[in-house]
Amino acid sequence: MEIEVKLLLPDSASHQKLSELLSPFYLKTHHQENVFFDGAASELSSKRAILRLRFYNGDSLCVVSLKAKSVIIDGVSRVEEDEEEIHPSIGRACVAEPWRLGSVDSSRLLRRAREEFGVGDKGFVCLGGFRNVRGVYDWKGLKLELDETMYDFGTAYEIECESADPEGVKKLLEEFLKENGISYSYSKVSKFAVFRSGNLPE
């Protein structure tokens, strides 16, 4: 179970201000491309699951994720998540021809999609995706992720932190944002749900 605090920032100015405040704690930046897949007969989404390929910094890394049963309440996200790396060239081939996902026998997660979730002979379909730029910071012993997510219909900004103590982390983040005059709201849905809705979060 992945548990994350997710706070939505209203605009690019708030994102920029927070980025500047966190700059002393900066670790790295990831340029991410996220591409999503379902079974041709909606085998994954019918069970509240989705398959994602995420490419980092061009093709330096590709991570397959199988996410299920996502719930976000008061800015705290809980989702069942399983991940593994595959070679970026295999990932790119699967984006170009999604049927290839059904023939990657070296991937434990793709076997799970077929065996546990029942993706059948019709295979996988690509749903599309989005890009985001993620700044990573080490702040008060927490790994903060500051996201600029670029959809076809606009850009959203979010600060996230994975933690086993989400309420404590949320309180710390809220106090920090308030002290520095940065507006925020609780994220209500996942980035994938925003992508599928075709509308930026409010």
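This is a predicted model: local features need pLDDT of at least 70, side-chain atom pairs count only at pLDDT 80 or more; totals for chains, interfaces and linings use all residues.
**Entry 1**

A pocket, as I use the word here, is an open set of grid points with protein on both sides within 12 Å along at least five of seven lines.

**Entry 2: the largest cavity**

Rolling a probe the size of a water molecule over the atoms shows where empty space is left. My count came to one cavity of 30 Å³ or more. The volume of the largest cavity is about 80 Å³. Which elements give two or more residues to the lining of the largest cavity? I noted strand 7 (142-151), strand 8 (154-162) and helix 5 (191-197). Strand 8 supplies the largest share, three residues. The lining includes L8, Y151, Y157, E158, K191 and P201. By class I have seven nonpolar, three polar and two charged residues around the largest cavity.

**Entry 3: helix 3**

I turned to helix 3, residues 108-115, and asked which of its residues are buried. L109, L110 and A113 are. These residues cover an arc of only 100 degrees around the axis, so they sit on the same side of helix 3. What do the buried residues of helix 3 pack against? I listed strand 3 (49-56), strand 4 (61-73), strand 5 (76-86) and strand 6 (124-139).

**Entry 4: helix 4**

Helix 4 runs over residues 166-179, and I checked its span. At 1.5 Å a residue, its 14 residues should span 20 Å, and the end C-alpha atoms are 20 Å apart, so the two agree. Buried or exposed, residue by residue? P166, V169, K170, L173, E174, F176 and L177 are buried. Their arc around the axis is only 165 degrees, which puts them on the same side of helix 4. K171, K178 and E179 are exposed on the other side of helix 4. I also wrote down G181, which comes just after helix 4 and takes a positive phi of about 65 degrees.

**Entry 5: positive phi away from glycine**

Most residues other than glycine have a negative phi.

Where is R48? I found R48 in the loop between strand 2 (26-39) and strand 3. R48 is partly exposed, at a relative accessible area of 49%. K69, by contrast in setting, lies in strand 4. With 45% relative accessibility, K69 is also partly exposed.

**Entry 6: F55**

My last stop was F55, in strand 3. F55 has 1% relative accessibility, and the cut-off for buried is under 20%, so F55 counts as buried. Which residues touch F55 once neighbours within four places in sequence are left aside? I get H31, Q32, E33, V35, L61, C62, P88, G91, R92 and V95. I also took one distance: F55 and F117 are 62 residues apart along the chain, and their C-alpha atoms are separated by 24 Å.

Terms used. Residues are numbered from 1 along each chain as its sequence is written. Side-chain values use heavy atoms; hydrogens and water are left out. Buried means under 20% relative accessible area, exposed over 50%, partly exposed in between (1.4 Å probe, protein chains only). Helices (H or I, at least four residues) and strands (E, at least two) are DSSP runs, numbered from the N terminus. The arc is that of the directions from the helix axis to the C-beta atoms. Contact means heavy atoms within 4.5 Å. The expected span of a helix is 1.5 Å times one less than its number of residues. On a 1 Å grid over the protein atoms alone, a cavity is a set of points where a 1.4 Å probe fits but cannot get out, and a pocket is an open set with protein on both sides within 12 Å along at least five of seven lines; lining residues have an atom within 4 Å of a point. Grid points are joined across faces, edges and corners, and a volume is the space filled by probe spheres set on the points. Ala, Val, Leu, Ile, Met, Phe, Trp, Tyr, Cys and Pro count as nonpolar, Asp, Glu, Lys and Arg as charged, and the others, Gly among them, as polar.
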